[in-house]
Amino acid sequence: MGASSRTRFDQLVFSGGGTRCFWQGGFLHVLRRELPLEPARISGVSGGALSASCFVPHLGLRLLDEMTRAFADQDSNVDLHQVVHPETPQTPHQRIYREVVSKVIDAEAERKIAEGPAFQVLIAHPPDDDMSALTGTASMAAYEAELHLVSSPHFNWAERCGLTTSFVDARAAAAEGKLVDLVCAAATIPPLFDIATWEDRPVVDGGMADQAPMPSPDEGRTLVLLTRRYDNVPDVAGRVYVSPSDETPADKIDFTDPAKIRRTWDLGERDALAFLNQLD
């Protein structure tokens, strides 16, 4: 397929969604075989930060394999919700996530990302640093309420409650060997995850502020990769929003069923084929 204004994207935006983000992996695995996907800018939030980190060095399939391996050892999410062990300052969900991220984003992957296109990760900060767990959980409640009542990938209720955000240069983090820390911090979901820190500031999931943060600067044609369907997706010139054609088999924080994330990946592949047919 020859490059044209309809098949060229200057920017890629990776929405959050936990394990639903494997839909993005399957979608892009097929799409980049047919389209010249060489964006100048990439942005990601929450689990989308990991998807984006794997997109640049072509590690989507490796992430899928490592995550399914890790989930195969988990029988119940109830066990994952147990109290943090004194010897480890992270919850079980966090430990599993970090183990997988550390295996996939190795030194070679960081080198490729550091040398790749502009790449930004949105993180959020709780309203009160001294009560970050409590205020972070309150922000999550505001986000969940707006998600279901407004049903748009862009929202602001949590920010009205005092949540603030930062756009972090992921290329710089990769060059400093800190990309794993950034990706893990970006996926901090209170109260399931303990509050993380970035540059000595408490961090929570940036998806509470925006599930599809546009890169800065925001220039050119943009492909926005959502992980769920919304009732109110904005119609903005130059933006193409894509989302799963059906509810993804994977649930956002279910770490127990590797088959579900493989089926979510497969759904992404099928949706990419349909998207390509629409372009044709």
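Predicted model: local features only at pLDDT ≥ 70, side-chain atom pairs only at ≥ 80, totals over all residues.
Visitor: What makes the pair of phenylalanine 14 and phenylalanine 55 tilted?

Guide: Let's set the values against the rule. Ring centres must lie within 6.5 Å to pair, and planes under 30 degrees apart count as stacked, over 60 as edge-to-face and the rest as tilted. The centres of phenylalanine 14 and phenylalanine 55 are 6.1 Å apart and their planes stand at 50°, so this pair is tilted. By the same rule, the count of aromatic pairs is three.

Visitor: Which parts of the chain does that pair link?

Guide: Distant ones! Phenylalanine 14 belongs to strand S1 (residues 11-14) and phenylalanine 55 to helix H2 (residues 47-55), 41 residues apart. Both phenylalanine 14 and phenylalanine 55 are buried.

Visitor: Which residues do ring pairs link into a cluster?

Guide: Trp23, Phe27 and Phe275 are linked that way. Phe275 turns up again at the largest pocket, as one of the residues that lie nearest its centre.

Visitor: What else lies nearest the centre of the largest pocket, and how many residues line it?

Guide: Tyr241, Val242, Ser243 and Gln278 are also named there, and the lining has 17 residues. The space in this pocket is about 330 Å³. Helix H1 (22-34), strand S8 (239-242) and helix H11 (258-279) each give two or more residues to the lining. H11 provides the largest share, with five residues. Sorted by class, the lining holds 10 nonpolar, three polar and four charged residues.

Visitor: Why is cysteine 54 called buried?

Guide: Buried means under 20% relative accessible area. Cysteine 54 has 3% relative accessibility, so it counts as buried. Cysteine 184, at 13%, passes the test for the buried class too.

Visitor: How many disulfides does a search of the whole structure find?

Guide: It finds zero. A disulfide is a covalent bond between the sulfur atoms of two cysteines. To be counted here, a pair of cysteine sulfur atoms would have to be within 2.5 Å.

Visitor: How do you know that helix H10 is largely enclosed by the rest of the structure?

Guide: H10 covers residues 179-186, and seven of its eight residues are buried, so the helix is largely enclosed. The buried residues are Leu179, Val180, Leu182, Val183, Cys184, Ala185 and Ala186.

Visitor: Is serine 46 buried or exposed?

Guide: Buried, because its relative accessibility of 2% is under the 20% cut-off. Serine 46 sits in the loop between strand S2 (41-45) and H2. Its phi is positive, about 55°, although serine 46 is not a glycine.

Visitor: What makes glutamate 199 exposed?

Guide: Exposed means over 50% relative accessible area. Glutamate 199 has 66%, so it belongs in the exposed class. You can find glutamate 199 in the loop between strand S5 (196-198) and S6. Glutamate 199 also has a positive phi, near 50°, and is a residue other than glycine.

Visitor: What makes the peptide bond from serine 216 to proline 217 cis?

Guide: Look at omega: for this bond it is near 0°, and the bond is cis. Proline 217 is in the loop between strand S6 (201-205) and strand S7 (222-225).

Visitor: Which residue lies over the face of tyrosine 230?

Guide: That is arginine 228, placed at 6.0 Å from the ring centre.

Key
Residues numbered from 1 in each chain as written. Heavy atoms only, no water. Phe/Tyr/Trp six-rings, centres within 6.5 Å; stacked < 30°, edge-to-face > 60°. Helix = DSSP H or I, 4+ residues; strand = E, 2+ residues; numbered from the N terminus. Buried < 20%, exposed > 50% of the residue type's maximum accessible area, 1.4 Å probe, protein only. Lys NZ or Arg CZ within 6 Å of the ring centre and 35° of its normal. 1 Å grid on protein atoms, 1.4 Å probe; cavity = no way out; pocket = protein on both sides within 12 Å on 5 of 7 lines; lining within 4 Å. Points joined across faces, edges and corners; volume = space filled by probe spheres on them. Nonpolar A, V, L, I, M, F, W, Y, C, P; charged D, E, K, R; others polar.
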